[in-house]
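Could you look over this structure before we discuss it? My notes are set out below as numbered points, for a reader who has not seen it before.

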Amino acid sequence: MYPQIITYLLSFINYQEQLIRTLLTLLIGKSMFNKPTEQPVNKPYRKLQVDDLPIIEVPEKLDYRILLTEYFEKNGKTLKPVQRRKNSKVTVPKSMICPKCGAPSEYLYANNGDKGQYQCKVCSCLFSDKNRFSKEAILKCPHCSKTLEKIKERKDFHVFKCKNNECPYYQRKLNGMSSKERKRFNKDPQAFKLRYIFRQFHIDFQPLSKESPELPVVDLSKVYTSPHTLGLILTYHVNYGLSARKTAAIMKDVHGVPISHQTILNYEKSVSLLLKPYVDHYPYELSEQFCGDETYIRVNGRWHYLFFFFDAVKKIILSYPVSP
């Protein structure tokens, strides 16, 4: 008698368990008892890398009028403009000038036909049609001293890359890859950074300039630290949330720059005072969907409410008043 009762109770319990599973699945959408079959993706990301600054070579600037005068004094005759063939299909734009001496188009050759390379008859400068006006300085790779090539133009910066296959930086990265990385590199080369890359920023802050209500502690225009070093300090301390002491230790151990934690705090406060007006008055391109939210933060041992409004589409914070 008892074994039959036990069997009946066990079957009834199993039935109840199945019923509970079914009801929970209908209510929640998935079973709470089934273990997840998906595994977290273990994708190797690029490690933080800080490249050296490029070699900046300022091209020599000459005056074609002085060169023409020197040519006349040396040869006893004037340097005549370029004589062009009447039936030639290759022309030099009249608005073009030499980027080195400023000679007008009358003294410029079409050096390689219609392929866009020109040569100045006055100073013998070779230049191309694409960079004749923008080449104020020549950027070279700090590892092989080859000229960097502009590969992308963005709104606020240009991207330059060293395409020299014999560059020590490229060869060291290429030879240091494992066989597994080699196979992945052949399929997805964009996942690896093997060549030297430099970003040249050209943000114009002048239209956004506003007077700050509080003067910074440190006058950043008079500090001995280079803009590159200051950018590293702010990246570690602000972007990655490291303390001032840890940032000072990284600057000393990794980059060989001795700096105190108090100096880092002074830099942080000075930069924040200078950048806050730019952020507040920046002419963002907004959508038509706005939202608001609130949170609370602890300042000097007391809790304060923070109300902020933001663009729901472009994720731009528009205002952030703090309660007294």
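The points below cover confidence, helix packing and strand pairing, in that order.

1. This is a predicted model, in which local features need a pLDDT of at least 70 and side-chain atom pairs count only at pLDDT 80 or more, while totals for chains, interfaces and linings use all residues. Residues are numbered from 1 along each chain as its sequence is written, and side-chain values use heavy atoms, with hydrogens and water left out.

2. On confidence, where pLDDT is the predictor's confidence in each residue, from 0 to 100, the chain averages 80, and 81% of the residues score at least 70. Among the elements of the chain, helix H1 (residues 2-28) has the lowest mean pLDDT, 74, whereas helix H6 (residues 244-253) has the highest, 92. Helices (H or I, at least four residues) and strands (E, at least two) are DSSP runs, numbered from the N terminus.

3. Helix H5 (residues 227-239) and H6 have axes that come within 9 Å and cross at roughly 135°; axes here are lines fitted to C-alpha atoms, for helices over the stretch in contact, and angles run from 0 to 180 degrees between N-to-C directions. H5 and H6 are therefore oblique to each other, given that angles under 35 degrees count as roughly parallel, over 145 as roughly antiparallel, 65 to 115 as roughly perpendicular and the rest as oblique. The contact (heavy atoms within 4.5 Å) is made by Thr229, Leu232, Ile233, Tyr236 and His237 of H5 with Ala244, Thr247, Ile250 and Met251 of H6. These residues divide into six nonpolar, three polar and no charged, where Ala, Val, Leu, Ile, Met, Phe, Trp, Tyr, Cys and Pro count as nonpolar, Asp, Glu, Lys and Arg as charged, and the others, Gly among them, as polar.

4. H6 also packs against helix H7 (residues 261-280), at an angle of about 110° and with the axes 8 Å apart, and the two helices are therefore roughly perpendicular to each other. Ala244, Arg245, Thr247 and Ala248 of H6 meet His261, Ile264 and Leu265 of H7 in this contact, whose residues divide into four nonpolar, two polar and one charged.

5. Turning to the strands, which pair if DSSP finds at least two bridges between them, an open sheet of three has the order E2-E3-E4, with antiparallel pairing. Strand E2 (108-110) and strand E4 (126-128) stand at its edges, each with a single partner strand, so one side of each is left without a neighbour in the sheet. Three bridges join E2 to strand E3 (residues 117-120), and Leu108 has Cys120 in E3 as its bridge partner.

6. Another open sheet of three strands, also paired in the antiparallel sense, has the order E9-E10-E11, and its neighbouring strands are turned by 45° against each other on average, direction ignored. Strand E10 (residues 302-311) and E11 pair over three bridges; Phe309 is partnered by Ser319 of E11, and Asp311 by Ile316 of E11. The hairpin of E10 and E11 has four residues between the strands, and Lys315 takes a positive phi near 55° there.

7. Finally, strand E6 (residues 149-153) and strand E7 (residues 157-161) pair in the antiparallel sense over four bridges. They form a hairpin with three residues between them, in which Glu149 stands opposite Lys161 of E7.
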